[in-house]
Amino acid sequence: MKRRYIKYTAVSLLGMSSVFVSCKKSFLQLNPKGEFSESSYYSTPDQAFAGLVAAYDPLLTETGGIDGTYTDVRGPLNAASDDCYAGGGGSSDTPDWQLWNDYQLTSAAGPQNGYWPINFLGVSRANTILSKIAGVPGLSAALASRYTAEAQFLRAHYYFDLERLFKNVPLITAPLAPADIYNQVQAKPADVYTQIENDLKAAIPNLPQTVITSESGRVTQGAAIALLGKVYLYEQKYTEAAQEFAIINGTPGGTTAGFGYALQASYPAIFDPNNKFNSESIFEINFTASQAYTWNNWNAFKGSVYSEMIGPRNFGDAIYAGGWGFNPITQQLHDAFTTPYYGGGKDPRYGYTILNMDSLAALENTTYQASYQNTGFFMLKYAPLTKFLSTQGTNVLNYPNDYIEIRLADTYLMEAEALVQGGGDASRAAALINAVRARVGLAPVAATMANIKAERRLELATEGHRWFDLVRWGDAAATLAFKGFKAGTNELLPIPLNDLAATKLVQNPGYAK
């Protein structure tokens, strides 16, 4: 894998807060130019919009954090699950992913050095725009209301990820004065979840149901309702979760009135870069091939670098471009598709989820370089296809593959789970899971937790949900024992060492300070 080593001052949660609050540099542009005073910056509607764009930006961060490495949210999460291994060029290639794959995390090293500062940067930027929006001259009331709602959603989104990954985090809802930065303490998780709920409930009425094409990727009512349902599900508030998901899901297998959500008839079409923001997409993170970025744009990439990371090493043909060999598919996931839980046959989604590279190489009488932890199985949903290889900049850094973080099949299955767990409408739960199965030609099954778990694994494989599912179900210790998962510790990531120094933060259980 090609690497980019850079020297810089590591900026943690507290450092980011201080830099952004003092505004020594403009974080409101992808390539900051000059300096500005925060007190005078938010003086036009365009500047308010730039502040909102800055709050969105951490969502698609693929490099950066404390250690300046690859931080795409899917890569480490897939490596930590039983869907994939870390892979790459060797045991020391992108070590944060390797450490989570092997459950050898320490407070000094691991993916927390990306997740923690990037999410708190998002919180900081959301707090800043929320604190300024009311005083922006010339900003219409309608736009102020929408920008506020978008920032509330974003703050809730960043905090939800922080809660799921770390649990014990400071709750910061306004820009911090410099004197307060190092005095922050961790809040009760219940208080953080209450804030997440309140932000989403406040945002929903002021968000549009749909957006025009030029605004694709901006938050909608549907995204906020779906995220609120997901938050309730993780809190085990099953009745509330089912109610929110029902708004999004409508009649299983149909089109949701008002939102226009519907399952795609073709499973592979969901992930096709030529089919962005399709009817199944509820919240989608948009990557572009048009930026023409090069290695000199480290920490500013807006194309999908992850697509290049997961391709087979030293290989290329008319269909598949090469890559760096990360996140090879585990034998366990392969076997789940080829001996499905409903009995017999190969799951129809296999051929759109897993590439059997050994079979392809034999068929074409060619070779590829085995990556670290190679199994011969590679990821297809975000694969670096030759036809999407950019002709601009450093082409391998500019794939157009989006990440649909929340999609309709996911909310169908989450509502079915909430209904089963909460003793709700069993017939609706069955209709939801079986609509997902019918889309790929599979026979109905009963709406049981065992079937819902199995269906989530196959339908959503490699999409970054599996590790969170295993942890919240209490299944992680048994399922991930082959990777070294330690119950009572590895359900959470450690607080980064940088943020423990000279602060009041306390390390998570099982990790040395």
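Visitor: Which residues form one aromatic cluster?
Guide: Tyr 70, Trp 295, Trp 298, Phe 301 and Trp 324 form it. Rings of Phe, Tyr and Trp (its six-membered ring) pair if their centres lie within 6.5 Å; planes under 30 degrees apart are stacked, over 60 edge-to-face, and the rest tilted. This is a predicted model, where local features need pLDDT of at least 70 and side-chain atom pairs count only at pLDDT 80 or more, while totals for chains, interfaces and linings use all residues. Residues are numbered from 1 along each chain as its sequence is written, and side-chain values use heavy atoms, leaving out hydrogens and water.

Visitor: How many aromatic pairs does a search of the whole structure find?
Guide: The search finds 26. One of them is Phe 49 with Tyr 147, a tilted pair at 6.0 Å centre to centre and 45° between the planes.

Visitor: Is Tyr 147 buried or exposed?
Guide: Tyr 147 is buried, at 7% relative accessible area. Buried means under 20%, exposed over 50%, and partly exposed in between (1.4 Å probe, protein chains only). Phe 49 is partly exposed, at 35%.

Visitor: New topic. What does Asp 469 touch?
Guide: Tyr 234 and Arg 456, not counting residues up to four places away in sequence. Contact means heavy atoms within 4.5 Å. Asp 469 counts as buried, because its relative accessibility is 3%.

Visitor: And which charged end sits over the ring of Tyr 234?
Guide: That of Arg 472, 5.0 Å from the ring centre. The rule is NZ of Lys or CZ of Arg within 6 Å of the ring centre and within 35 degrees of the ring normal.
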